[in-house]
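Please walk me through this structure in the viewer, one selection at a time. I have not seen it before.

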Amino acid sequence: MKAIDSIIDELKGIVDSDRFFTNEEDLVSYSFDASFGIYMPEVVIQPTSTEEVQAIVKLANTHKVPICPRGQGTSLSGGPLPVKGGIVLDFAQWSSKLEIYPDDLVAVVSPGVLTAKINAAANDHGLMYPPDPSSSNVSTIGGNLAENAGGPRGLKYGVTKDYVLGLEIVTAEGEIIRTGGRTVKNVTGYDLTKLIVGSEGTLAIITEAILRLIPKPPASQTLMAVFDDIVDSGRSISKVLSSGILPAKMEIMDQTSVMAVENYQPLGLPTDIEAIILIELDGHPLAIQEEILKVQTICQEVGAREVKVASNEEEAEELWKARKLVSPAIVRLKPTKISEDATVPRSKIPDMFQRLKEIKEKYQIDLVVFGHAGDGNLHPNIIADQRDNEEMERVELAVEEIFKAAIELGGTLSGEHGIGTMKAPFMELELGKVGLNMMKRMKEAWDPNNILNPGKIFAEEGQKLVLRNER
């Protein structure tokens, strides 16, 4: 008898029957995310209180049943996949708390609140919640906390961990802990808040978060610079950032991504180029007027063919529309998209582009590059057809080489997508044996029975990246 069979009746007693699922047709919906791999859970439960989570975890820990926390399943790294079966805790229905405290500049939220709704609620008070992953309209804050999500505004404002003041968590043994608090300064003991954020549900389960808000900038302005040489575009990025100007966003699109967008929804963008840079400045209107002219001059001096400054909000939206359309545009060419986020130091962006060109030619793959150029967080996307095993084998080798290139250039495996199952086999490349072992020891201390999201971050013996259907 499976361990979970012995606790099914007790689990059913914890939540209402309409939030408890064991039928196969329900479980299938939780067997995949936005990455690769299909793993069926045995039970899905939708908790809506800390006490429910606590009761579930205590039972699971006693009987050594795996628990996999899940938001909306938008993860690109396999974070919410129930690779060991067991229980999926679906937090998407737990959105009851979204409280804004403008005097304290904080928000207190339940894990199932959509990230964009937090920013919208803050905007009502003249405030903002800066982290803006592209999935913010559909992703939950709990998932963003688990993966330490980023976004275009990360260049100026940082990522999720920079805005978390405190957490309520349930440990693997079913204890409730509060970390941090509602003050900006808090240096009492180890920073457990930062440890939990980005731990992908492997150390504890987040049931509430206290988030830092900031005043919303009164104005913004957007500029687009077109380059015939992608190396020149990289030089413009470095020169703008070293000029004393810190843009809110600085995004890059290569020729392939621009062509895909134009074929998908023509916007009048030039396609006989190597790169387009989109830059958004925000702050005081007078300061922006001066800074946008300086940025325009820098781009022209570095070799931009054309620099266009949006004259109003509508024009700015039109310029940013191209960046937003890249993902849907490229999957029209082939149905399978492998989205990576290898990140390198800003000064190494031209080198990384060169390496990506070489990888594209070596493995004869369809590689598209775009991303957050200002902080070196590139998104090399490979489009392929998962039904073609030979092509997918080449893609797997290319992805591995992309990771190695990023690390060799002083970068990291992941800037914002997390590790999950996709990048676990490459962790030792970046951390080394001792560094990885220290993380494993922390996991063992927090979760001695290994029930919390097992199979994530740490690769099993012989585990490799597999994108093909051969599982």
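**Nonpolar cores**

Begin with the largest nonpolar core, which has 61 residues; Met-352, Ile-382 and Leu-467 are those with the most contacts inside it. Bear in mind that the model is predicted.

Next, select residues 389–408, helix α13. This helix gives the core its largest share, 9 residues.

Now centre on Leu-467. Which residues does Leu-467 touch, not counting those up to four places away in sequence? They are Phe-36, Ile-338, Gln-386, Met-392, Val-395, Glu-396, Val-399 and Met-422.

Another core, of 28 residues, lies apart from the largest one. Select Met-128, Tyr-163, Leu-167 and Leu-203, which are among its residues.

**The five-stranded sheet**

Move on to an open sheet of 5 strands. Reading across, the order is β5-β6-β10-β8-β9, and the pairing is antiparallel.

Select 98–101 for β5 and 176–180 for β9, the strands at the edges. Each has a single partner strand, so one side of each is left without a neighbour in the sheet. Looking across the sheet, the twist averages 20° from one strand to the next.

Strands β8 and β9 run antiparallel and are joined by 5 bridges. Within this region, show Val-170: opposite it, in β9, stands Ile-176.

**A helix on the sheet**

Last, select residues 115–123, helix α4, which packs on the sheet. Where does helix α4 touch the sheet? The strands in contact are β5, β6 (106–109) and β10 (204–212). The direction of α4 makes about 35° with that of β5.

Conventions
Residues are numbered from 1 along each chain as its sequence is written. This is a predicted model: local features need pLDDT of at least 70, side-chain atom pairs count only at pLDDT 80 or more; totals for chains, interfaces and linings use all residues. Side-chain values use heavy atoms; hydrogens and water are left out. A nonpolar core is a set of buried Ala, Val, Leu, Ile, Met, Phe, Trp, Tyr and Cys residues joined through side-chain atoms within 4.5 Å. Buried means under 20% relative accessible area, exposed over 50%, partly exposed in between (1.4 Å probe, protein chains only). Helices (H or I, at least four residues) and strands (E, at least two) are DSSP runs, numbered from the N terminus. Contact means heavy atoms within 4.5 Å. Two strands pair if DSSP finds at least two bridges between them. Axes are lines fitted to C-alpha atoms, for helices over the stretch in contact, and angles run from 0 to 180 degrees between N-to-C directions.
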